[in-house]
Amino acid sequence: MYRGIIPCFRGRNSLNAFQRGMCCLMRRYVTRARSEDDIKNFIIDNTEIVSAQSLTPEISLRLFTPTCRFWTERPELWPFPDPYWAIYWPGGQALARYLLNNPEVSGGRKVLDLGCGCGASAIAAKLTGASHVVANDIDPIAAVATKMNCKLNNLDPLPCVTDNMIGSKPDDWDLILLGDMFYDEDLADRLHKWLQTCITTHGTQVLIGDPGRAQFESHDIRKLLHKLAHFELPDSVKEENYGLTNSTVWCYNYKPDL
C-alpha cells in the first residue's frame with residue numbers, strides 16, 4: 001500500500017481519479033462513524049513510533065514502517081481514506097526542520113498548518129513557541145493521528161480542523177505552513193489564489209516546503225517564491241521517495257497592488 005501512495009503523490013496522471021476515490025472512501029468512513037478510541041487503537045496497531053532517519057529526529061511520529069502490515073498490504077483492505085498522514089513527506093520534513101532551526105519564525109505567532117498530515121510542522125511550530133497553532137486536514141484520521149503525535153512530543157493536543165479551508169474566508173493567521181501540497185495542478189491553482197487572499201487581507205507570511213515536484217516547479221507560484229533553506233534528505237527518505245534527494249523551504253513574496 002505504501003508503494004502505491006508514493007507514485008500518486010508524485011503526480012501521475014491517475015491522481016484526479018485517486019482523489020475522487022479518496023472522497024468516496026471518506027464518505028464511507030463518515031457513515032461508519034467509528035469512535036475516536038477505535039481509530040486510535042487502529043493507528044497504534046498499524047504504525048510504529050519513529051524519530052530517527054528524518055530531518056527532525058527530535059520529533060516523534062506514528063508512521064508506516066516496513067514492519068507494519070499496511071506497508072505491503074493490498075490498499076482495498078485499508079478501512080479509511082488513504083493514509084497520507086502515515087508518511088513523513090520530504091517537504092514537511094524540511095519545513096519542520098526550518099522552524100526548529102529558526103524558532104523566531106513561529107515564536108509568539110498564530111500559525112496554521114494547512115494539509116497537516118502527521119502534524120509535524122504544527123508540532124514544530126508549537127515546540128518553538130507559537131502562541132496558537134491549528135492543524136488542518138480534510139482527512140479526519142489525520143486529525144486523530146496529529147493529536148496522538150502531539151502527545152508523543154509532550155504537547156497538549158492541538159486544535160484540528162477537518163473543513164476544507166482552501167477558498168474559505170481567511171482568518172488572521174500570522175503564518176501559514178504548507179508541506180508537500182503542490183502535487184496537483186488544480187489544487188496548486190486554488191492554493192495560489194487563496195494564499196494571495198490571505199496575504200492581501202491579513203499580511204500573512206506563507207512558508208512552503210517541497211522537494212522539487214514537477215507540478216510545483218512548473219507552476220506560476222514558483223516565480224513568487226524566495227528560497228529560505230535547502231536540506232539534503234536522509235538516505236532512507238531518498239529511497240522511500242523514489243530518488244528525491246533534497247527538500248527546500250520557500251517564502252511567498254506576493255505583494256498585492258495597493
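Me: Where is the place of Ile-87 in this chain?

Reply: Start with the elements: helices (H or I, at least four residues) and strands (E, at least two) are DSSP runs, numbered from the N terminus. Ile-87 sits in the loop between S2 and H4. This is a predicted model in which local features need pLDDT of at least 70 and side-chain atom pairs count only at pLDDT 80 or more, while totals for chains, interfaces and linings use all residues. Residues are numbered from 1 along each chain as its sequence is written, and side-chain values use heavy atoms, with hydrogens and water left out.

Me: Does Ile-87 count as buried or exposed?

Reply: Buried means under 20% relative accessible area, exposed over 50%, and partly exposed in between (1.4 Å probe, protein chains only). Ile-87 has 5% relative accessibility, so it counts as buried.

Me: What is Gln-93 in contact with, beyond its sequence neighbours?

Reply: Contact means heavy atoms within 4.5 Å. Gln-93 lies in helix H4 and is buried because its relative accessibility is 2%. With neighbours within four places in sequence left aside, Gln-93 contacts Ser-54, Leu-55, Thr-56, Tyr-88, Pro-234 and Val-237.

Me: Where is Thr-162, and which residues does Thr-162 touch?

Reply: Thr-162 is in the loop between strand S5 (160-161) and S6. Thr-162 is partly exposed because its relative accessible area is 35%. Not counting residues up to four places away in sequence, Thr-162 touches Asn-136, Asp-137, Ile-138, Asp-139, Pro-140 and Ala-143.

Me: What share of the contacts in the chain comes from residues 24 or more positions apart?

Reply: Among contacts with a separation of 6 or more, such residues account for 71%. The chain has 9 helices and 9 strands, and 54% of its 258 residues are buried.

Me: How many residues of helix H5 are buried?

Reply: In helix H5 (residues 120-127), 6 of the 8 residues are buried, so the helix is largely enclosed by the rest of the structure. The buried ones are Ala-120, Ser-121, Ala-122, Ile-123, Ala-124 and Ala-125. They pack against strand S2 (61-63), helix H4 (90-101), S3, strand S4 (132-136), helix H6 (140-152) and S6. Just after H5, Gly-129 has a positive phi of about 95 degrees.

Me: How far does helix H7 reach from its first C-alpha to its last?

Reply: The expected span of a helix is 1.5 Å times one less than its number of residues. H7 (residues 185-202) has 18 residues and reaches 26 Å, close to the 26 Å expected. Its buried residues are Leu-187, Ala-188, Leu-191, His-192, Trp-194, Leu-195, Cys-198 and Ile-199. The cover over them includes strand S3 (110-114), strand S6 (175-179), strand S7 (205-210) and strand S9 (246-252).

Me: Which residue caps the N-terminal end of H7?

Reply: A polar contact is a pair of N or O atoms within 3.5 Å; within protein, one must be able to donate a hydrogen and the other to accept it, and residues adjacent in sequence count only if both atoms are side-chain atoms. The cap is Asp-184, with a side-chain oxygen 3.3 Å from the backbone nitrogen of Asp-186. Just after H7, Gly-203 takes a positive phi of about 65 degrees.

Me: What is the phi of Asp-180, and what is that of Gln-53?

Reply: Most residues other than glycine have a negative phi. Asp-180 has a positive phi near 60 degrees and lies in the loop between S6 and H7. Asp-180 is buried because its relative accessible area is 2%. Gln-53 also has a positive phi, near 60 degrees, in the loop between strand S1 (48-50) and S2. Gln-53 is exposed because its relative accessible area is 61%.
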